[in-house]
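Reader: I am new to this structure. Could you take me through it?

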Amino acid sequence: MRKEDKQVFEGAVATIRDEGRYRVFADIMRERGRFPHATIRRDDGTTADIVVWCSNDYLGQGQSPEVIDAAHAALDKVGAGAGGTRNISGTTSYHVDLEQELASLHGKEGALLFTSGYVSNDATLSTLAKLFPNLWIFSDAQNHASMIEGIKRAKCECRVFRHNDIQHLEALMNEAPADAPKLIAFESVYSMDGDTAPIEAICDLAEAYGAMTYLDEVHGVGLYGPTGGGVAERDGVMHRVDFIEGTLAKAFGTMGGYVTGPAAAIDAIRSTASGFIFTTSLAPSVAAAALESVRIVRECPHLRDRLQDRAERLKALLRDAGLPVMSESTTHIVPVLVGDAARCKKISDILLEEHGIYVQPINYPTVPRGTERLRITPSPFHDDELMDRLVASLKAVWAMCPVHLTA
Ligand code: PLP
């Protein structure tokens, strides 16, 4: 590599360091049966016990004995890998049954598995534009990077509406020719602020303008609605949304993504999406674990109730302690505003090193500059004692880190 090329890489990292948002990944070993307790390995090789407060394994399903047993059974039966793409040798009864379960969860005719939620958004949105050459996509301003990438690759007409702003969405929809195919892409739970979309109002508008709807339920699936179908199920509008996309990596505790929708649409995506066709399918053991997890979560409303109870309690405790819980959150996500990248990282580092509490800093580009935060995600397994410890520690560290800390 030429010296000047190397300098480009070094310069990019230096800029990130200067802004105090250089990412250092914590080397964390989750321990079966001890969630949310885990072990961290430091650079010097020493280890320490920690409590994880920022996992997206929202229900602790990654540690569920039944889910682990299902993975073991599949591993013992069919081995480690899928053996290829779905077309080559990557379709097993685990994949097929899981797709049926997911379609049923969302009340749709069909479902298609992808290797992650990111891939499902990117592949599906870019493919829809191939299927509809004159497609107009209307995208919420706070949509996840995976949707934005998919839409960019779609190279179709796109309008970004102000976050959750129905009037703005309608004004933008009026810019499109009446007969153009249209798609509104949005999320149910916005994962950094913890607010939700006005799904019903968006469906009303979609109906009035003949637009399709594409809803990312990544942070809602498993957690909302009587059977965990997501916020759309909770709001009684699941049947009105054309495409519901989700992940197996958060409430279901495993990995993989999917999209559900009308049978013809799922078949068309299956037949044309590059991000589906040309990649090895999920390992059968992962599909088996996910299937078991979805089945459990559908039948366990008490897990959902307990999660909400934990989140409400934590928000109240933090507020009582004078800590700035972001008021936008009406969900299980508990964001605490810090507002400065370096301070955010510092608070997170001290919590980890001195208090054995792991909450990673959320900095730009995940959130806009000036809105850096700690994003706390309690689970059904974070008990009162752990919460009291978190709040006391955070209060102490908050006071130690002045507001105008610089990198
Ligand atoms: N959609 C949203 C809204 C997300 O927040 C994420 C990841 O956090 C994804 C999609 C991607 O899901 P996955 O982690 O399964 O790739």
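This is a predicted model: local features need pLDDT of at least 70, side-chain atom pairs count only at pLDDT 80 or more; totals for chains, interfaces and linings use all residues.

Reader: Which residues does UniProt list for the domain?
Author: In an unreviewed entry, UniProt lists residues 49-394 for "domain: Aminotransferase class I/classII large". Over residues 49-394 the chain is 43% helix and 15% strand. The end C-alpha atoms of that stretch are 18 Å apart.

Reader: And the largest nonpolar core, which residues touch the most other members?
Author: They are Leu98, Leu102, Phe138, Ile184, Ile199 and Leu248, out of 60 residues in that core. Helix 11 (residues 284-298) contributes the largest share of this core, with nine residues. Another core lies apart from it and has 35 residues, among them Trp53, Val336, Ile350 and Leu351.

Reader: What is isoleucine 199 in contact with?
Author: Leaving aside neighbours within four places in sequence, isoleucine 199 is in contact with Phe186, Ser188, Leu215, Val231, Ala232, Asp235, Val237 and Val241.

Reader: Changing topic, how many cavities of 30 Å³ or more are there in the whole structure?
Author: The search finds one. The largest cavity holds about 80 Å³ of space.

Reader: What lines the largest cavity?
Author: Its lining includes Arg86, His95, Phe114 and Thr279. Strand 4 (110-114) and helix 10 (274-277) each supply at least two residues of that lining. By class, the lining has four nonpolar, six polar and one charged.

Reader: What volume does the second largest pocket have?
Author: The second largest pocket has a volume of about 180 Å³. Of the 13 residues lining this pocket, Gly60, Gln63, Ser64, Pro65 and Phe381 lie nearest its centre. The lining comprises six nonpolar, five polar and two charged residues.

How values were computed
Residues are numbered from 1 along each chain as its sequence is written. Side-chain values use heavy atoms; hydrogens and water are left out. On a 1 Å grid over the protein atoms alone, a cavity is a set of points where a 1.4 Å probe fits but cannot get out, and a pocket is an open set with protein on both sides within 12 Å along at least five of seven lines; lining residues have an atom within 4 Å of a point. Grid points are joined across faces, edges and corners, and a volume is the space filled by probe spheres set on the points. Ala, Val, Leu, Ile, Met, Phe, Trp, Tyr, Cys and Pro count as nonpolar, Asp, Glu, Lys and Arg as charged, and the others, Gly among them, as polar. UniProt positions are given in the numbering used here, feature names are shortened, and annotations may be inferred rather than shown by experiment. Helices (H or I, at least four residues) and strands (E, at least two) are DSSP runs, numbered from the N terminus. A nonpolar core is a set of buried Ala, Val, Leu, Ile, Met, Phe, Trp, Tyr and Cys residues joined through side-chain atoms within 4.5 Å. Buried means under 20% relative accessible area, exposed over 50%, partly exposed in between (1.4 Å probe, protein chains only). Contact means heavy atoms within 4.5 Å.
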